[in-house]
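This briefing covers a pocket, a surface patch and a set of charged contacts. Please consult the sequence and the structure shown below alongside the text.

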Amino acid sequence: MRYSYDEDYEEVRPVRRAPEKGDGARVKSAARPGPGKAPSAAKAAGSKASSPAGSGARRAAPRAQGKAEIAPRKQGARPSGAPSKERTAQRARPTPPPPREHRGMDYEDDRPAPRAARPVKRSTRSRKKRGNPMATLAGILIAVALAFAISYFLHEYAFDIVRVSGDAMHETLMNGDLAVVTKFDYKEASPETGDIVAVRVGAQKGVILRRVIGVPGQTVEFTGSETLIDGRPLLEEYVSLKNYNSFPAKTLPHGKFYIAGDNRSELSDSRLDEVGLVSAGDIVGKVRMVIWPFNHLSSF
């Protein structure tokens with residue numbers, strides 16, 4: 001059996017070829033006798049004529065030829081046409097895969113930039129310095145002072161929250177209600193008839209909440225259950241309880257206002273000389289709304 005190599009392929013399979021004459025190989029008969037048939041006479045005669053010496057010579061010839069063919073390979077020589085070891089090793093190397101293509105990116109500038117390394121955060125615990133206690137105390141004092149200043153400004157010039165005490169304004173303002181009083185309404189304007197105002201009276205602490213009945217230049221008179229303004233009755237839907245007593249008429253001078261409660265049964269307003277007429281400077285502000293309790297929320 002001989003080997004042939006093909007240089008175009010890596011693997012070369014051995015090719016078995018038919019023995020030729022003169023190589024010492026035995027030629028087998030192409031046809032075998034079928035079952036029940038006797039061998040031919042020529043074959044029988046040839047087998048009888050062959051001697052043991054002849055058969056041994058025929059068997060030794062192929063062995064000698066095979067040794068002659070295999071001997072060069074054992075000495076390190078390669079058959080003609082066989083590839084070298086370097087070439088075989090080069091072909092045996094696996095080919096690297098092709099580079100991956102980015103879909104939708106036709107230019108090199110469109111490829112995503114490499115992600116930048118995150119900066120290393122250094123611990124700042126060791127770098128923290130103890131704050132100055134005097135600076136901290138000064139900051140607290142400044143914050144408290146600002147809070148008091150803002151509170152004072154709002155209380156004096158913006159608005160105030162007062163608690164209703166008594167039943168002089170019954171039904172409109174109930175005892176215990178919290179009402180918001182705005183103090184900027186009368187800086188450039190004057191109170192009008194029907195406004196609910198907060199008034200500071202004499203040496204009393206706090207303010208009283210009453211309704212304006214008359215303005216400067218008008219004459220206010222109470223006759224029985226009616227309130228007369230310049231001799232004409234005043235429509236008062238806000239009055240809860242009436243007083244049927246009569247009070248003399250009063251003409252209001254410049255800068256004076258007549259105030260009265262919605263509960264006319266209580267005499268704690270301008271009808272009494274203890275309160276009397278109030279000036280514009282005594283009026284602190286205008287009552288805008290009731291914010292507490294929730295079941296008595298209202299605005300004026």
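The second largest pocket of this predicted model holds about 390 Å³ of space. Its lining is made up of 20 residues, and β11 (283–292) contributes to that lining.

**Second largest pocket**

- Among the 20 lining residues, Lys 183, Arg 200, Ile 283, Val 284 and Gly 285 lie nearest the centre of the pocket.
- Three elements each provide at least two lining residues: α4 (133–158), β1 (159–163) and β11 (283–292).
- The element that gives the most to this lining is β11, with three residues.
- Sorted by class, the lining comprises 10 nonpolar residues, five polar residues and five charged residues.

**Nonpolar surface patch**

- Helix α4 accounts for the largest share of the patch, namely five residues.

**Salt bridges**

- Side chains of opposite charge can pair when their charged atoms come close.
- Asp 160 and Lys 183 form a salt bridge through their side chains, with an N to O distance of 4.0 Å.
- This pair connects distant parts of the chain, as Asp 160 belongs to strand β1 and Lys 183 to the loop between β2 (178–182) and β3 (196–199), 23 residues apart.
- Both Asp 160 and Lys 183 are buried, and Lys 183 is also among the residues nearest the centre of the second largest pocket.
- A further salt bridge joins Asp 185 to Arg 288, where the closest N and O atoms are 2.3 Å apart.
- Since Asp 185 sits in the loop between β2 and β3 while Arg 288 sits in strand β11, this contact ties together parts that are 103 residues apart in sequence.
- Asp 185 is buried, at 18% relative accessibility, whereas Arg 288 is partly exposed, with a relative accessible area of 28%.
- Glu 236 and Arg 264 also meet through their side chains in a salt bridge, at 2.6 Å from N to O.
- Here the link runs between the loop from β7 (232–233) to β8 (247–251), which holds Glu 236, and the loop from β9 to β10, which holds Arg 264; the two residues are 28 residues apart.
- Glu 236 is buried at 16% relative accessibility, and Arg 264 is buried with a relative accessible area of 4%.

**Gly 261**

- The C-alpha atom of Gly 261 is separated by 9.3 Å from that of Ile 213, although the two residues are 48 residues apart along the chain.

Conventions
Residues are numbered from 1 along each chain as its sequence is written. This is a predicted model: local features need pLDDT of at least 70, side-chain atom pairs count only at pLDDT 80 or more; totals for chains, interfaces and linings use all residues. Side-chain values use heavy atoms; hydrogens and water are left out. On a 1 Å grid over the protein atoms alone, a cavity is a set of points where a 1.4 Å probe fits but cannot get out, and a pocket is an open set with protein on both sides within 12 Å along at least five of seven lines; lining residues have an atom within 4 Å of a point. Grid points are joined across faces, edges and corners, and a volume is the space filled by probe spheres set on the points. Helices (H or I, at least four residues) and strands (E, at least two) are DSSP runs, numbered from the N terminus. Ala, Val, Leu, Ile, Met, Phe, Trp, Tyr, Cys and Pro count as nonpolar, Asp, Glu, Lys and Arg as charged, and the others, Gly among them, as polar. Buried means under 20% relative accessible area, exposed over 50%, partly exposed in between (1.4 Å probe, protein chains only).
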